[in-house]
Amino acid sequence: MPLVYFLVVAALIYSAHKATRVKGLLNAALWLAGTSCLTSILVYILGSPGLAVIELSVGAGLVTVLFVFAISIIGDEKITSDVFVPHWLAISISVVSFGMLAYFLIAQHMPSAQSVTTSPIFSDLFWEGRKIDIYLQGALFISGILGILLLIAPAVSKRIKEGKNK
Amino acid sequence: MAGILIPFLIFTPWLTAILVWFISDKHEEGLHQFASAGAILSAILSLLLLSQIGDSTISFAKIGPLFGNLSFSTDALGIILACIANCIGSLTVIFSAEYMKHEKSLARYYSMVLLFIGAMSGLVLTANIFMIFFFWEITALCSYQLISFYNDDPNAVRGGLKALFITQFGGIGLMVAGLLIFGYTNSFEIGRFIQAAQGGEIPANVLGIIGFTLIIAATAKSAQFPFFTWLPDAMEAPTPVSALIHAATMVNAGVYLLCRFFPALEAIPGWKMTILILGLITILISSLMAIFATDLKRVLAYSTVSQLGYMFAAIGAGSVLACQFHLLSHAIFKALLFLCAGAIIHSCGTRDMYKMGGFFKKIPFISVTFIIGSLALAGIPILNGFWSKELILESIHSGTPIIIYILMLFSVILTALYTIRCVWLVFFGEPRSDLHVHDAPFLMALPLGILSLGTITSWLVFEPFSRSLSNSLPLYGIPKETLSELVSKIFWDPYTFLALGMVAIGILVWFLRNKLPLHNSITRKIESISLNSFGFEAINNGVVNGINAASEAIRNIQTGSLNWNIFGMLIGLICILIALMIGGL
Amino acid sequence: MNTLVIIAIVSLIAIGFYCLIITRNILKIIVALQVLVKGAMIAMILAGKLTDQMELAQSMAITIIVADTIVAVIGLAMSIQLREKTGTCDIHSISKLKR
């Protein structure tokens, strides 16, 4: 089992690295889909298969499709202007801060199991205990629909213009 | 019933504000009528709410454990203040229809005034400290916006910023107190806090910190010593706004806050004494400044500060009833005075009292109403100011050291002196310049008439006032008194006549001003110190300038670049981790 | 085993942050946010597992997925509109803030 963990984690980190550093946006989107798949595998072996399915379908499926769609409209762009924070500084500050954090978590502050008396049923907890989350998600869905409309608006308007020109 | 009325009371002005914004400046008549309609509707709702006074708490949506319930209390303390805010609010909106005629950006004006009215109702009705903070900040925002309403005038912009900074300072005090209360009682409910404080669940030192941070919040909002200099500068606002926000309602929020938390905090050693002394210092300083000011609105502003000082002194003497009764009287007569001043300034175009004079014959109606208001301010029987001020003096006499009572009597002389000076300079004597003035048109005269009627008669409601306060606030120890008890108590008390004698001395000093040896170096020195606000002007200006300079300097690191911001976040993370490591874990 | 998962979490978040510091292309920013949020989601699940409150953790993680997807959708829509209106995806060149 540790070997499985090791392989999944290594692949996850590699593909995340690729997703952010690879040249070409289409490649980045594909690597992101890979990251999402590996995340869902990790979530699955951590013991929540339901969430893994959602992550796989939404993260690897929907978002990737939308990414590819958006990139096909925008096209790739090479940005050449200088960066604010030099590369070496960015790398060092990320490594230092998160290295410290990882050290902290691993060495000293691993959270441990508390004595939870009753483990509530998932649906009860989801629909009753965390009502405010549900309201939030409702609002988010509406804004997501608006976002999708915005996303396809240029393509549709272009189509309409072409139709008029004919 | 109250559960329906309270949300309506808050949302009617707010909805009207939004709709007014949509009507826009093109339809001026429509704006005036629509805003007046909304304000009058909310005033009617607030009067209906008066019948719902009780000691229940109404909870709306449960937001979750972190913010407490969206709850409102229906006790008399809140409802009476909401009623004052809405009624005076509607009168000032009606007054504005004439005063603000043909001004630019009226939509902004009306929507801010209406937003303020709704927020004030919310502030006084809610029973949740978090919500108090929320509404408190909205009122500060509206106050800032309306002071800087003429935003091409640098004085107005500066006055607005000053008010904003200083009241925000008070807001920090309120926030600290709220967080401490939440930390120790695990709830934002005020009722729960009072219970915990009286039951000794909160450590004494923490309770002390809560009490004194609330004093900071209240003094900043109510323009008390040492934060009082923002209120005179706030007089750059349009006069109806001064009447509503800076005389009748918002500045009372600090007094309200102290009254609301009174039973929880009164046992803190030194708490009541601090409030009493702060109030007393404020009364003396601001009365002296009012005697030497030349600007009509500034005189009224200083007198507002000093009357708020009376309310603070009443709380310090332990009498919430006297404080609230004076709050009611003061809101009515001071709104009347400000609206009269507005009518005068509107017709003659200057605020300098030394350019006025002899107006009594030219504008009899405004003169009569103004004189009614100023007699109430000076404490002449049988106007409402007399009763409430005597009540305060009586509670101070019975509950505090005698030296404080003597100083209060001295301040009564000063009050009478600056009132008679103001009335005399504006309405009597020879005209000092050929200003053209005309009497109030109907829409101005209507609010003035209603308010002066209120000034003459509002003390008659004392009996239901004290009964409802006493019934709905059992923890506050408010006595139930009838009107006849009040009248007999005050008329058979020799100290009342002492106070009236002081008023007479004040008036005599003005009429004998040329015969008394007043023109010597001491009075001149006092005058020059008073005109400089006893040096506090400089301190407060320093604070305002410092905040301005600091924000200009800090703005440079706000580049708006994402990369830079993320970089800053990571540095912050490192700092937190280092702090945790040093913290010993 | 938990150590490995923590390393995965911290690495994902660090990679996301590093990319946010370096990049100026709005699409790359969205990719970086996706990577970062995946780390946060795994952290939530791990915390739930360690403290024996898996249901709570799952409900939170679902909220995270929803929010994250919406962020991606809105971000993509905004980047398309940005490209239509300004002709570039460089967030720095379109900033009009006074400096």
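A residue is buried if 20 or more other C-beta atoms lie within 10 Å of its own, exposed if 12 or fewer, and partly exposed in between, with the C-beta atoms placed from the backbone. The structure is a predicted model, in which local features need pLDDT of at least 70 and side-chain atom pairs count only at pLDDT 80 or more, while totals for chains, interfaces and linings use all residues. Residues are numbered from 1 along each chain as its sequence is written, and chains are lettered from A and ligands numbered from 1 in the order in which they are written.

With 24 C-beta neighbours inside 10 Å, Gly506(B) counts as buried. Gly506(B) belongs to helix α22 of chain B; helices (H or I, at least four residues) and strands (E, at least two) are DSSP runs, numbered from the N terminus. Two residues are taken to be in contact if their C-beta atoms, placed from the backbone, lie within 7 Å. When neighbours within four places in sequence are left aside, the contacts of Gly506(B) are Ile413(B), Leu414(B), Thr415(B), Ala416(B), Leu417(B) and Ile420(B). Between Gly506(B) and Gln558(B) the separation is 52 residues in sequence and 57 Å in space, C-alpha to C-alpha.

Helix α22 (residues 494-511) of chain B also packs with helix α17 (residues 384-399) of chain B, at an angle of about 120 degrees and with the axes 10 Å apart. Axes are lines fitted to C-alpha atoms, for helices over the stretch in contact, and angles run from 0 to 180 degrees between N-to-C directions. Angles under 35 degrees count as roughly parallel, over 145 as roughly antiparallel, 65 to 115 as roughly perpendicular and the rest as oblique. The angle found here therefore makes α17(B) oblique to α22(B). The crossing of α17(B) past α22(B) is right-handed; a crossing has this hand if the near helix is turned clockwise from the far one by less than a right angle, and is left-handed if anticlockwise. On the α17(B) side, Glu390(B), Leu393(B), Glu394(B) and His397(B) meet Tyr495(B), Thr496(B) and Ala499(B) of α22(B). By class, this contact of α17(B) with α22(B) has 3 nonpolar, 2 polar and 2 charged residues, where Ala, Val, Leu, Ile, Met, Phe, Trp, Tyr, Cys and Pro count as nonpolar, Asp, Glu, Lys and Arg as charged, and the others, Gly among them, as polar.

Helix α3(B) contributes Leu91(B), Ile94(B), Phe95(B), Ala97(B), Glu98(B) and Tyr99(B) to the contact, and α19(B) contributes Leu443(B), Met444(B), Leu446(B), Pro447(B), Ile450(B) and Leu451(B). The contact of α3(B) with α19(B) has 11 nonpolar, no polar and 1 charged residues.

Backbone geometry was examined in the loops of chain B. The loop between α8 (204-221) and α9 (230-233) of chain B holds Pro226(B), and the peptide bond from Phe225(B) to Pro226(B) is cis, with omega near 0 degrees. Ala223(B) lies in the loop between α8 and α9 of chain B and has phi near 55 degrees, a positive value in a residue other than glycine. Ala223(B) is buried, with 29 other C-beta atoms within 10 Å. Asn186(B), in the loop between α6 (154-185) and α7 (190-198) of chain B, has a positive phi near 60 degrees. Asn186(B) is exposed, with 12 other C-beta atoms within 10 Å.

Chain A has 6 helices and 0 strands. Of its 166 residues, 24% count as buried. Confidence in chain A is lowest in α5(A), at a mean of 67, and highest in α2(A), at 91. Where pLDDT is low, the predicted coordinates should not be read in detail.

The contact between chains A and C takes 72 residues from chain A and 65 residues from chain C. Helix α3(A) gives the most to the side of chain A that touches chain C, with 14 residues. That side of chain A has 49 nonpolar, 19 polar and 4 charged residues. Between chains B and C, 8 residues of chain B are in contact with 10 residues of chain C. The side of chain B that touches chain C has 4 nonpolar, 4 polar and no charged residues.

Notes
pLDDT = per-residue confidence, 0-100.
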